[in-house]
Amino acid sequence: MMKKIKVTIPKNVYDIIKNDIEDFNISNNHFMNYVFFNLKDSYEEYNIKNIDIPLLNNEKKFIQFNLNKENSLIYYDVLRDKKVLNESEFMRNLLIKYSSNQKNVRELFIFKEIVERINLAIKDKKNIIITFNDERKVKVSPYYIGSSDLKIANYIFCYDFEEERYKNYKLSNLKQAYTLSELGKWEEEDYIQNIIKNFDPFLSQGRKIVVKLTEEGERLLKVSKVNRPKIIAEKGNIYEFECSEEQAKKYFSYFLDEALILEPLELREWFQKKFENALKQIKNIK
């Protein structure tokens with residue numbers, strides 16, 4: 001019979017864990033067993049009082065899970081070795097330790113096996129086959145694993161042979177990475193190193209869009225920091241951004257009619273089509 005463990009933790013730690021489980025596309029049971037197995041040996045290396053995470057108010061939540069077969073074989077040996085008197089406290093401290101890191105660091109920890117394989121392929125300049133969560137596979141030359149400015153996600157900078165262009169793929173969308181024996185595509189090494197040095201998830205370097213903002217749009221620009229593009233020039237309410245089309249679609253979709261794309265024309269037409277489709281759906285509601 002599998003051992004069931006119930007752990008009570010502060011609500012803000014619980015919220016971090018539940019969001020990560022959802023964002024990283026893993027199960028509660030897998031996550032808890034993974035944390036136990038990979039953090040158990042660091043239990044004595046820190047003092048929980050020094051963990052840098054505010055434990056807000058007294059509200060508590062609990063997480064329950066079953067030890068998997070591998071952890072069941074070592075569980076009581078670990079507790080004896082670490083002189084643990086309270087099982088729940090042991091797991092609680094591991095979870096608080098995990099949650100004290102920034103999200104991009106937590107993501108690297110959860111995807112440690114894939115990250116190590118990709119970094120070794122980068123070191124050896126080898127191509128890899130990456131499998132996504134939807135089972136799609138692509139062959140790429142990987143160059144770098146970088147994070148967004150706000151440290152909320154990690155991306156694989158690579159050359160996609162199927163699309164024949166440089167791309168960034170979100171680490172949390174990857175299911176597996178397999179290293180090939182063939183050497184990768186490194187002909188444009190100056191470009192690659194420049195991207196690494198000035199890394200941004202949307203590969204916006206050298207790309208430009210022009211946007212006209214309303215007064216409300218200018219307010220949104222100041223307060224909406226996630227995926228915000230770099231301002232190159234500003235004249236009245238006309239803004240020029242260093243921004244790829246992919247970044248613009250993610251960022252300015254939130255603005256609705258508070259932002260008008262002036263350039264490039266293809267991007268403006270994309271927004272127009274999206275708004276027209278939304279309007280059609282509204283009109284079709286009976």
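This is a predicted model: local features need pLDDT of at least 70, side-chain atom pairs count only at pLDDT 80 or more; totals for chains, interfaces and linings use all residues.

Q: OK. How many bridges join strand 3 to strand 4?
A: Four bridges join them, and the two strands run antiparallel. That meets the cut-off of at least two bridges, so strand 3 (residues 126-132) and strand 4 pair.

Q: Which residue in strand 4 is the bridge partner of isoleucine 129?
A: Lysine 139 is the bridge partner of isoleucine 129.

Q: What do strand 3 and strand 4 form, and what is in the turn?
A: They form a hairpin with four residues between them. Glutamate 135 sits in the turn and has a positive phi of about 75 degrees.

Q: How many residues of strand 4 are buried?
A: Eight of its 11 residues are, so strand 4 (residues 137-147) is mostly covered.

Q: And how many bridges join strand 4 to strand 5?
A: Seven, again with the strands running antiparallel. Tyrosine 144 has phenylalanine 157 in strand 5 as its bridge partner. Strand 4 and strand 5 also form a hairpin, with six residues between them. In that turn, lysine 151 has a positive phi of about 60 degrees.

Q: Let's go to asparagine 154. Where does it lie?
A: In strand 5, which covers residues 154-160.

Q: Which polar contact does its side chain make with another side chain?
A: The partner is the side chain of glutamate 107, at 2.6 Å. A polar atom of the asparagine 154 side chain also lies 2.8 Å from the backbone oxygen of asparagine 104.

Q: What else does asparagine 154 touch?
A: Leaving out residues up to four places away in sequence, its contacts include Leu108, Ile145, Tyr169 and Leu171.

Q: Next, phenylalanine 199. Where is its place?
A: In the loop between helix 7 (189-197) and strand 8. Phenylalanine 199 counts as buried, at 12% relative accessibility.

Q: Which residues does phenylalanine 199 touch?
A: Tyr144, Gly146, Ser147, Tyr155, Phe157 and Asn168, not counting residues up to four places away in sequence. Tyr144 and Phe157 are the bridge partners mentioned above.

Q: How far apart are phenylalanine 199 and glutamine 64?
A: They are 39 Å apart in space, C-alpha to C-alpha, and 135 residues apart in sequence.

Q: Change of topic. What order does the open sheet of four strands have?
A: The order is 9-10-8-11, with antiparallel pairing. Strand 9 (230-235) and strand 11 (259-263) stand at the edges. Each has a single partner strand, so one side of each is left without a neighbour in the sheet. On average, neighbouring strands are turned by 30 degrees against each other, direction ignored.

Q: How many bridges join strand 9 to strand 10?
A: Five bridges join strand 9 to strand 10 (residues 238-242), and the two run antiparallel. Lysine 230 stands opposite glutamate 242 in strand 10.

Q: Which helix packs on the sheet, touching strand 9?
A: Helix 8 (residues 215-223), which touches strand 8 (208-213), strand 9 and strand 10. Its direction makes about 125 degrees with that of strand 8. Helix 9 (residues 245-252) packs on the sheet too, touching strand 8, strand 10 and strand 11. The direction of helix 9 makes about 25 degrees with that of strand 8.

Q: Last one, helix 1. What should its 13 residues span?
A: At 1.5 Å a residue, helix 1 (residues 11-23) should span 18 Å. Its end C-alpha atoms are 18 Å apart, which agrees.

Q: Which residues of helix 1 are buried?
A: Asn12, Val13, Tyr14, Ile17, Asp20 and Ile21. What covers them includes strand 1 (4-10), helix 2 (28-39), strand 2 (60-66), helix 4 (87-99) and helix 5 (103-110).

Q: And what follows helix 1?
A: Asparagine 25, whose phi is positive, near 60 degrees.

Technical notes. Residues are numbered from 1 along each chain as its sequence is written. Side-chain values use heavy atoms; hydrogens and water are left out. A polar contact is a pair of N or O atoms within 3.5 Å; within protein, one must be able to donate a hydrogen and the other to accept it, and residues adjacent in sequence count only if both atoms are side-chain atoms. Contact means heavy atoms within 4.5 Å. Axes are lines fitted to C-alpha atoms, for helices over the stretch in contact, and angles run from 0 to 180 degrees between N-to-C directions. Buried means under 20% relative accessible area, exposed over 50%, partly exposed in between (1.4 Å probe, protein chains only). The expected span of a helix is 1.5 Å times one less than its number of residues.
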